[in-house]
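Colleague: I would like to go through this assembly with you. Please put the sequence and the structure up before we start.

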Amino acid sequence: MNPIIFLDYAGVAVFAATGALSASRKQLDVIGFLFLACVTGIGGGTVRDLILDVTVFWLANPDYILICLAMAVLVYFTAHRVESRYRLLLWLDAIGLAAYCVFGAWKGLVVTGSGIVAVVMGTLTATFGGILRDQLAGEPSVLLRPEVYVTAAIAGAVVFTVAFVAGLPLLAAAVLAFLVAFAIRGGALWFGWSFPRYRSRPGRRPEDIR
Amino acid sequence: MNPIIFLDYAGVAVFAATGALSASRKQLDVIGFLFLACVTGIGGGTVRDLILDVTVFWLANPDYILICLAMAVLVYFTAHRVESRYRLLLWLDAIGLAAYCVFGAWKGLVVTGSGIVAVVMGTLTATFGGILRDQLAGEPSVLLRPEVYVTAAIAGAVVFTVAFVAGLPLLAAAVLAFLVAFAIRGGALWFGWSFPRYRSRPGRRPEDIR
Amino acid sequence: MNPIIFLDYAGVAVFAATGALSASRKQLDVIGFLFLACVTGIGGGTVRDLILDVTVFWLANPDYILICLAMAVLVYFTAHRVESRYRLLLWLDAIGLAAYCVFGAWKGLVVTGSGIVAVVMGTLTATFGGILRDQLAGEPSVLLRPEVYVTAAIAGAVVFTVAFVAGLPLLAAAVLAFLVAFAIRGGALWFGWSFPRYRSRPGRRPEDIR
């Protein structure tokens, strides 16, 4: 089996766990955990495969669904032990983001051969699971958080694409890009890294913007 | 014509009506009724067909669009006679959910042959129309309501899949599964059935959850 | 090159600009501008192509992505000069709506041959980019605004479909339909045109509606 598939399983599993954590924060019932785990776990990859016009990955291999269900049950019975479930959610989301920006870029590159498409697919599919989760659970979107988020996905996708096209072995390029993406997002979570936010005029507040 | 197609028409029509009722609650104009009726009526099935990689059902047969438009007009001229439009919306949504979890499971089973995929397709497509409606209309998501919702869709999809694979005639399996799903969701609406909600520690309130 | 392709480029570019303007209103960083510009610029056309089961347009030609990135940078460095960025967003959105309802109807007609499908595809794809933008940025949906919006897209799609099927040259039908759609949406923005809103009983307020 192609070792990069491991990133796919890892991405699905940790995104599923973030979906279940979101369900725990909304105090849903156990079925709500299963539902949000599945949608978050398979959402990003589903959109990726639809756009690339390849068979949606979990149709061909329902193991992915079972992984999502297992993660939901695991979170249901262990989440109360966690000090801050929202911190855990953000860190797992960071792992999922790093795994999926690399895997998405690889799949985009293999299917279309275009580096630009690879970077876009990696970025979109790394971020889409979290967007879907936050929309469904009615949480503030992770996209609008102040620290660096999408940047980590773009960086991972670019590093993978450049390294792989430049001739690095697949596994080396994947590990390197995963580490870059995770380091950026993890650093942002740990140190609060952020880019300067847009401000049309100094002192203006969001409420004033028409 | 395959008699199970009736479930598809019924699901589209009642979901379209819920979209129009949502438009009435938001006091949209008549075009808003048409738009929300179409999106809610055909949304779930569109996602189902995209994932299954079959022709989207309303491309092949635009009658579905005409049904949505007719339901929108009907609701526009009759909704004021209803005591509580939100109750009506929830009950019609229950019928749509029951029809679509069976039809989605059947289509998933026919296309992929996998029981797990059938259950997931039935569940996702039964719930997706309502999710889309609530997101577009800016209403609180039906997913996050306290009573049992997704469970009814899962139960209907499981009952259909098991009964059909076990050899029951298609129509019998479909009617049985429809009744199970509708009884669960209807019972939940009528009696307020709910599962215990997740609570990390007794007495903790949602606002305390980090 | 088919001259109607120009409408596609124009639609992508102005929708991308509205996404970037939305990012500026949310005071996102420059990466947020790039992300919202891409999602808004290519979102409507992506859904259109998925439903029509043709290759997603930006996979075949990554220039569209570069256009979105260029628009994001342009807006990032010029938006502060604009008196009201929300007014500008609405007017650019009107241009995108007019361009995309025509282009979507044309593509729907070419692929399926059905006039009803053409009108639905034109309408859905003209409105979907804006819906996605508002959902992602957490802004009130442009769909729920009081003035005429979806109507302009329907009118443009209907005029194009009727004119083209009636034998008008492609370019003439496209220009005519674009002008109709833009005139309706522009008139609605300028003069505040709106249809009567649904009201179940005179004097009832939205809060009273159950």
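Colleague: Which residue of chain C comes closest to the rotation axis?

Modeller: First, the ground rules: this is a predicted model, where local features need pLDDT of at least 70, side-chain atom pairs count only at pLDDT 80 or more, and totals for chains, interfaces and linings use all residues. Residues are numbered from 1 along each chain as its sequence is written, and chains are lettered from A and ligands numbered from 1 in the order in which they are written. The C-alpha approach to the axis in chain C is 4.2 Å, and the residue is Leu50(C).

Colleague: What rotation superposes chain C on chain B?

Modeller: Copies are superposed by least squares on the C-alpha atoms of residues with pLDDT of at least 70 in both. For chain C on chain B, the RMSD is 0.0 Å and the shift along the axis is 0.0 Å. The two copies are thus related as by a three-fold rotation axis. The rotation is 120 degrees.

Colleague: And for chain B on chain A, which residue of chain B comes closest to the rotation axis?

Modeller: Chain B is laid on chain A by a turn of 120 degrees with a shift of 0.0 Å along the axis, at an RMSD of 0.0 Å. The C-alpha distance to the axis is 4.1 Å, and the residue of chain B is Leu50(B).

Colleague: Which helix of chain B gives the largest share of the side that touches chain A?

Modeller: Contact here requires C-beta atoms, placed from the backbone, within 7 Å. On that basis 27 residues of chain B meet 28 residues of chain A. Helix 2 (30-52), helix 6 (115-137) and helix 7 (150-165) of chain B each supply at least two residues to that side. The largest share, five residues, comes from helix 6 of chain B.

Colleague: How many residues on the side of chain C that touches chain B are nonpolar?

Modeller: The contact takes 27 residues from chain C and 28 from chain B. Nonpolar covers Ala, Val, Leu, Ile, Met, Phe, Trp, Tyr, Cys and Pro; charged covers Asp, Glu, Lys and Arg; the others, Gly among them, are polar. Seven of the residues on the chain C side are polar and five charged, while the nonpolar ones number 15.

Colleague: Why do chains B and C meet through different surfaces?

Modeller: Compare the interface residues of chain C with those in chain B. The copies meet through different surfaces because the share of interface residues of chain C that are also interface residues in chain B is only 7%.

Colleague: What percentage of the residues in chain A is buried?

Modeller: Buried means 20 or more other C-beta atoms within 10 Å of the residue's own, with C-beta atoms placed from the backbone. The C-alpha trace of chain A spans about 45 × 45 × 30 Å along its principal axes. Of the 210 residues in chain A, the buried share is 58%.

Colleague: Over which residues of chain A is the pLDDT below 50?

Modeller: pLDDT is the predictor's confidence in each residue, from 0 to 100. Chain A averages 89, and 94% of the residues score at least 70. Where pLDDT is low, the predicted coordinates should not be read in detail. In chain A the pLDDT is below 50 over residues 202-210.

Methods:
Contact = placed C-beta atoms within 7 Å. Helix = DSSP H or I, 4+ residues; strand = E, 2+ residues; numbered from the N terminus. Buried ≥ 20, exposed ≤ 12 C-beta atoms within 10 Å, placed from the backbone.
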